[in-house]
Amino acid sequence: MKMLEHDAFHLRSLGDLRAQIARLALDIPVADDVSALTRPLSFAGKALPNRFCALPLEGGDANPNGSPGRLTMRRYTRYAQGGFVLIWLEAVAVREEARSGPHQLWIHPRNAETFAELVREIRKTAKN
């Protein structure tokens, strides 16, 4: 099966997105007003200040022992810096043989503290 070719994602504005949709002759609606995302939300008994959510995207940048690497830490703290209030962590294996590759996150007793540090950094960054 041949992979489809794709362009790099370099869109910087809503106008760029609309132009790309038109160029590709796609029928994708684009909202002008996304202010609903900035409104507070009550979820599972928690008050969230906005509705921005970072969904999991496996970075493939874990250290060889499965702990979060420098780029992993950077990605998640940037989500927090950007105002995301719900940050859903990517897949984390719980057994070495369950890893999809050598750079997938893997939590075990020898690196659990590194994951705790990731959570602390996300929370600290989110408060600023």
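Helix α2 has 12 residues and reaches 16 Å from its first C-alpha to its last, close to the 16 Å expected at 1.5 Å a residue, where the expected span is 1.5 Å times one less than the number of residues in the helix. The structure is a predicted model, in which local features need pLDDT of at least 70 and side-chain atom pairs count only at pLDDT 80 or more, whereas totals for chains, interfaces and linings use all residues. Residues are numbered from 1 along each chain as its sequence is written, and side-chain values use heavy atoms, with hydrogens and water left out. Helices (H or I, at least four residues) and strands (E, at least two) are DSSP runs, numbered from the N terminus.

- When residues up to four places away in sequence are not counted, Y76 touches I87, W88, L89, E90, L118 and I122.
- After α2 comes G83, whose phi is positive, near 95 degrees.

**Salt bridges**

- The count comes to 7 salt bridges, each defined as a side-chain nitrogen of Lys or Arg within 4 Å of a carboxyl oxygen of Asp or Glu.
- Side chains of opposite charge can pair when their charged atoms come close.
- One of these salt bridges joins the side chains of R75 and D61 (2.7 Å, N to O), and this pair links distant parts of the chain, with R75 in helix α2 (residues 70-81) and D61 in the loop between β3 (53-54) and α2, 14 residues apart.
- R75 is buried at a relative accessible area of 16%, and D61 also counts as buried, at 15% relative accessibility.
- D61 and R75 are linked with E90 in a network of salt bridges.
- The side chains of D32 and R18 meet in another salt bridge (2.7 Å, N to O); here, too, distant parts of the chain are linked, since D32 lies in the loop between α1 (14-23) and β1 (41-43) and R18 in helix α1, 14 residues apart.
- D32 is exposed, with a relative accessible area of 63%, while R18 counts as partly exposed at 34% relative accessibility.
- R95 and E97 pair through their side chains in a salt bridge (2.4 Å, N to O), where R95 counts as exposed at 51% relative accessibility and E97 is exposed with a relative accessible area of 57%.

**The loop between α1 and β1**

- A25 is placed in the loop between α1 and β1, has a phi near 55 degrees, a positive value in a residue other than glycine, and is exposed with a relative accessible area of 69%.
- L26 also has its place in the loop between α1 and β1, and L26 is partly exposed, with a relative accessible area of 45%.
- L24, L26 and I28 form a nonpolar patch on the surface, with about 260 Å² of accessible area together; patches are made of residues with over 30% relative accessible area and no salt bridge, like charges being joined within 9 Å and nonpolar side chains (Val, Leu, Ile, Met, Phe, Trp, Tyr) within 5 Å.
- Accessible areas come from the Shrake-Rupley method with a 1.4 Å probe, and for residues only the protein chains shown count as cover.
- L37 is found in the loop between α1 and β1 and counts as partly exposed at 34% relative accessibility.
- Leaving aside neighbours within four places in sequence, L37 is in contact with N50, R51 and F52; L37 and F52 are 15 residues apart in sequence and 6.2 Å apart in space, C-alpha to C-alpha.

**The loop between β1 and β2**

- A44, found in the loop between β1 and β2 (46-48), has a positive phi of about 50 degrees although A44 is not a glycine, and A44 is exposed with a relative accessible area of 71%.

Methods
Buried means under 20% relative accessible area, exposed over 50%, partly exposed in between (1.4 Å probe, protein chains only). Contact means heavy atoms within 4.5 Å.
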